[in-house]
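Here are my notes on this one, in the order I'd click through the viewer. Have the sequence open alongside and follow along.

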Amino acid sequence: MDVHIVAFETSTARCDVAVLSCVQGEIRLVSRFHDGAAEHAQHVLPMVDALLRQAGIDRGRLCAVAFGQGPGGFTGLRVACGLAQGMAFALGIPVIPVPSLLAMAEQDFTGQGGESVRLVLQDARMEELYAAAYARDGASGRWSTVHAPCLLGREDAGAWVAHIRREGAGLAFRLLGDGVDAFPELAALPGLDAVGSERLPQAAAVARLAHAAWLRGETLDPALAAPLYVRDKVAYTTREREQGKGGNPRAGAQAASAGAIAIADMTNAHVAQAAEIERSVQTHPWTEKNFHDALAAGYGAWVAVQEGRVAGFCLQMLAPDVAHLLLIAVDRRCQRRGVGAQLLAHAEAHALQQGLASIILEVRRSNLRAQAFYREHGFAELSVRKGYYPAQDGAREDALVLQKILPSEEMSRVSGGGVVS
């Protein structure tokens, strides 16, 4: 079957579009870009039309629409996601979100080869960086997420790099991104294999990664597509400024919630706080007795702790051939800071240590936000359980069963934790 995918990457000031065609096994890739902040919306569709003409295909032959989902500039991320959704809905085809920082890793691998771990640092302005780390499995050719995208202050970047290097002792590392230009001191850190030349994500890499995802059946309904934001706030409101607030909101948030997140085994002493979080985020929550029973049964159970308080938790049951993620939740005050990603990575690492090759979970069909989170972290739909969850007024709701094939042991040595933004 011939495959045709259009891809957008507008997370930076560069507006980039690509069209990938795989015809009889031969891949053809054409792309165009325009440099100019705040000009993406006016240039992107004419570029799409020009590339489709160049490739000799019409929109009706497209199989999927891919987009760089971020992190990056808010406006650019909304343009890419919104355009991908609009085209996909109109053509009746799926979307394929691709993390923009992963596209950087793909670009560097394509140009340089080698199995180095890619540390991608993008300038986020305001003395901050978007950061992520990825490793490529030599056997399968698939990328695994060593550390999911997060937001770092300049003062934290060196410690983040050092942490990733310690977790992956014995592996080679490459540093990428325009964050290297903004913070040149990072290039001088010891133990880096090289500083790559890649500075900005490109739509061609998004298209290549999307094609690989297409072949694996990892596509998404357009309604579930969402940008990948790791910064919640970039400016104060008028009322907040009138109250004397100013500068970078992140700095104030850090001062209010100072202290790193640590993952620890859940004990009975954590149950009351975990149950409180569970009640705040679930319509039909577990009770404190349910938590105590799970601990007594020996389930894997962990908490994310910040300054002595539980910021999130997860519970996992191990079967002979698969790990079953039962619960994962994050305090609303700590959401969108990477806590959930760190808990999930810890659960995956635990499953790998037990020799299990995959992890499954159930999620409500109506919980689109949770579905997007899991898909961003490599889960794909496996099946549907009809009427699995209780709903309002005695009704029942379907559960989607999602599965993730865990990376090989070699790649997993550098997963399972990291600095949380």
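Predicted model: local features only at pLDDT ≥ 70, side-chain atom pairs only at ≥ 80, totals over all residues.

**Notes on the model**

1. H12 itself spans residues 368–376. Its buried residues are Ala370, Gln371, Ala372, Tyr374 and Arg375. What do they pack against?

2. Arg375, in H12, deserves a click of its own. Is Arg375 buried or exposed? Its relative accessible area is 19%, and the cut-off for buried is under 20%, so Arg375 counts as buried. Leaving out neighbours within four places in sequence, Arg375 is in contact with Thr219, Leu220, Leu224, Ala380, Glu381, Leu400 and Leu402.

3. Now jump to the other end of the numbering, where 5 strands make an open sheet with mixed pairing, ordered S3-S2-S1-S4-S5. The edges belong to S3 (26–35) and S5 (95–98); each has a single partner strand, so one side of each has no neighbour in the sheet. From one strand to the next, the twist averages 15°.

4. Within that sheet, S2 (residues 14–23) pairs with S3 in the antiparallel sense, over 10 bridges. Cys22 is opposite Ile27 of S3. Cys22 is buried at 11% relative accessibility, whereas Ile27 comes out as partly exposed at 48%.

5. A bit more on Ile27, which belongs to strand S3. Setting aside residues up to four places away in sequence, Ile27 touches Leu20, Ser21, Cys22 and His211. Ile27 and Val3 are 24 residues apart in sequence, and their C-alpha atoms are 9.1 Å apart in space.

6. Two helices to look at against the sheet. Helix H2 (residues 74–91) lies across S1 (3–9), S4 (64–68) and S5, and runs at about 175° to S4. Helix H6 (residues 203–215) also packs on the sheet, where it touches S1, S2, S3, S4 and S5; the direction of H6 makes about 135° with that of S1.

7. The largest nonpolar core has 33 residues, and Ala66, Ile96, Tyr134 and Trp143 have the most contacts inside it. H6 gives the most to this core, contributing 7 residues. There is also a second, separate core of 26 residues, with Val44, Val48, Phe67 and Ala80 among them.

8. Beyond its neighbours within four places in sequence, Trp143 is in contact with Leu102, Ala105, Glu106, Phe109, Arg118, Tyr134, Ala135, Arg136 and Leu209.

9. Last, the cysteines. How many disulfides does the structure hold? The count is 0. Cys334 is another one to click on: Cys334 is buried, with a relative accessible area of 11%.

Technical notes. Residues numbered from 1 in each chain as written. Heavy atoms only, no water. Pairing = 2+ DSSP bridges. Helix = DSSP H or I, 4+ residues; strand = E, 2+ residues; numbered from the N terminus. Axes fitted to C-alpha atoms, helices over the stretch in contact; angles between N-to-C directions. Contact = heavy atoms within 4.5 Å. Buried < 20%, exposed > 50% of the residue type's maximum accessible area, 1.4 Å probe, protein only. Disulfide = S-S within 2.5 Å. Core = buried A, V, L, I, M, F, W, Y, C linked by side-chain atoms within 4.5 Å.
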